[in-house]
Amino acid sequence: MDVTRAIVVAGIAAGCLGHAGTAAALTTLTVDKCLASQIKIVGKGTAALVDCYAKGASTDLPAAATCLGKAMSKIDPALDKIETKLACIVEGSGATRASDAAAFAAEVDGAVGHAEKCDAAKTKLVGKYVAAVTGCYAKASGKTGSVDPACLGKAITKLGDGIAKAEERTDCTHPGQAAFLLNAAGAFAEAQTCAFDPSNPQCATCGNGFSDPGEACDASASAALWNQCGADFGCVACNCACPTTVVFSPDPTAPGTILDRGWTGIAHRAPVVGNGDVTMQLACTATSRPCGVCPVSGPVPNPQAGSGQLDNRRCTTDASKPCAADAVCAARTCLGGTNDGAACAGDSACPGGACPVAGTCDFYFGSAQPLAAGGVATCVLHQFAGAVTGTVNVESGEASTTALLTSRVYAGIAIDHPCPRCTDAGGINDGARGGTCDGGARVGLPCDANGTVPGRPDFGRTSLDCPPIPGALLTTLPIDLSNATDTVVKTLTVDSPNCSGALGGRCLCDTCNNAGAEPCAANTDCPPSGGNPGVCGGRRCLGGPNDGAPCAGNSACPASICSRLGEPTKPSSCIEDYTPDGMATCLDENGDGQGKCAEGPIDQTCSLGSGHAQRVCLMDADCGGGAGSCESAVRRCFLTGGGTFQGSGYEGTDTLVAAGMADLPVRDASAPTIASVFCVGPTSSAAVNNVVGLPGPGRLTIQGHAAAHP
């Protein structure tokens, strides 16, 4: 981030509130005729640039390029001209000074607003103030070297009174900006002056009461308003340390948070469980700002686990069991029943419960996730499979990480009740097991509520203290949740597997032809099988003595069949239109990478307002009886039909797009959207595979809050 933008962003973050002190800090300057001319040239040129934006704001039009070009010519060429006539302390910086002035003018326009007459007046006043302050400095440099405080005071009064008058109007985009604009413009004038007078002792600005350009903070300034680093960072020598951790808190209520599973489209737009904070470590090479691109690793324990954040480090075979090391999970204890938590060697020691096998101590990604669509329900526990690695740019907020999950998919208890619920009515993740589990392996036993699903009141509060019963496990899926704060695209290629449920063409995802049946997007994702390279979408023996062996027909599979796991793959479940070519068209109506079937099917589900949006319906009574609560909508779809690699009968774009987005951090806090596309394997439930469309693609975008800490 350039220093001018840093000033403006910091002021906006502070709510454009007041700031004690004056806005111009220089009291003495080197006496030099050329210096005086240079300062005056930059001040007048900056005022001209700012005025271009003021003219645009008064008519709600962009600043005219001709106006900006003319104003720029008042700086660089003018400086070159004066520097050829006089011996100057600093020469040859005309292009830099002009660039700084242009950036400052544009940022003032962005900070003040660009739609109202009040905005135009305030913008013009800032330009006049810069010209007035630099005029005071130029006068001092040309005569005695002492800056006249009355000259500065007059400029300050004019700006303050002028903004107050402008803000008497009711059309200001951002009212209450007087102190912020005073500080920002004064700091800019000082920085440009110091660029020509670098040996001036006062140009060492640290400790002058302001957060000046190039400073991340200033301990003498009001840290609450002008410190550009997080509130828990100290300020040493007008800089603050690089962060060592970052906490990402998903926001399931944000419009950018979506979960789409499978190719049928029935399970698209599933809501995500909240309160699943994840903490990562940063290992920046730099020790202070700017920090740049830093390696990220983790997860690590949440700093407030059990005190408002999820205690997400648990045993893999018993999610109710918090841990700090593998040894805790290697010691087998009863899960549920009358001896819950007691040491055991087998199920016989756990009446009414089970004795899980030894596990490891891993990090969970959120609480138990209830999922329900198309009349089928599942409950999923997500664990990080190994370390998360990647990079984070501390200044820009851009991030890219590699993350693998192990997702344990359990049969749901009921469509309104996929996961066991925790009756805890106290604070979520407060560390107090104030409720009881209403189902699952620990039914009737204490629990702390860990998360809720927005818009799904039937799902209640879920908890890792209330895991499903082990016998309900449908499958354990590996999920490649590698993600980025950028647009992530998965595209059909010649290496994509052939669709097994459509005539010709290729699909994004299938499974490998071995016993592991790993989800895959190409042969390179598959390990060797039967002594040969693995085949994504290839057949294998499903049971019998040759279980998992690659095969070409049933004769190679005694006591079993030669086939693929899950539902036969297709690009989508869209209905063909009635044109002669009979295309099943998936359209991107809004250009956002989200598809809808042009000709249907039409799905009927309960409205969000009914409180039962997970239900399919035929009439309002199925949704509780509210008028219009049973809604009809065209089915969603992935845009993976059509194009170069699809056979006849489907139309689309060959791509699956997840739209991530970085967010510029302000005081080490930002609101990024992380995006991921991946392949999802089938479960052991034919109903789940049929409704969701598994194996098939998956897409997840999570908008949330990121906070860096020292």
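Me: How much space lies in the largest pocket?
Reply: About 1,000 Å³. Keep in mind that this is a predicted model.

Me: Which residues are closest to its centre?
Reply: H268, R269, R456, T605 and A613. The lining has 41 residues.

Me: Which elements give two or more residues to that lining?
Reply: Five strands are on the list, named here in order: β2 (258-261), β3 (267-270), β9 (369-373), β27 (602-606) and β28 (630-634).

Me: And how do the lining residues divide into nonpolar, polar and charged?
Reply: 22 are nonpolar, 11 are polar and 8 are charged.

Me: Now S629. Where is it found?
Reply: In the loop between β27 and β28. Both of those strands contribute to the pocket lining.

Me: Is S629 buried or exposed?
Reply: S629 is buried. Its relative accessible area is 6%, so it falls under the 20% cut-off.

Me: What is S629 in contact with, leaving aside neighbours within four places in sequence?
Reply: T605, C606, S607, S610, D620 and C623. T605 also turned up among the residues closest to the pocket centre.

Me: New topic. What is the strand order in the open sheet of 3 strands?
Reply: β7-β6-β8, with antiparallel pairing.

Me: Why is one side of β7 and of β8 left without a neighbour in the sheet?
Reply: Because β7 (318-322) and β8 (361-363) stand at the edges, each with a single partner strand.

Me: What does the twist average?
Reply: 50° from one strand to the next.

Me: How many bridges pair β6 and β8?
Reply: 3, in the antiparallel sense. Strand β6 covers residues 313-315.

Me: Which residue in β8 does R314 stand opposite?
Reply: D362.

Definitions and conventions: Residues numbered from 1 in each chain as written. Predicted model: local features only at pLDDT ≥ 70, side-chain atom pairs only at ≥ 80, totals over all residues. Heavy atoms only, no water. 1 Å grid on protein atoms, 1.4 Å probe; cavity = no way out; pocket = protein on both sides within 12 Å on 5 of 7 lines; lining within 4 Å. Points joined across faces, edges and corners; volume = space filled by probe spheres on them. Helix = DSSP H or I, 4+ residues; strand = E, 2+ residues; numbered from the N terminus. Nonpolar A, V, L, I, M, F, W, Y, C, P; charged D, E, K, R; others polar. Buried < 20%, exposed > 50% of the residue type's maximum accessible area, 1.4 Å probe, protein only. Contact = heavy atoms within 4.5 Å. Pairing = 2+ DSSP bridges. Axes fitted to C-alpha atoms, helices over the stretch in contact; angles between N-to-C directions.
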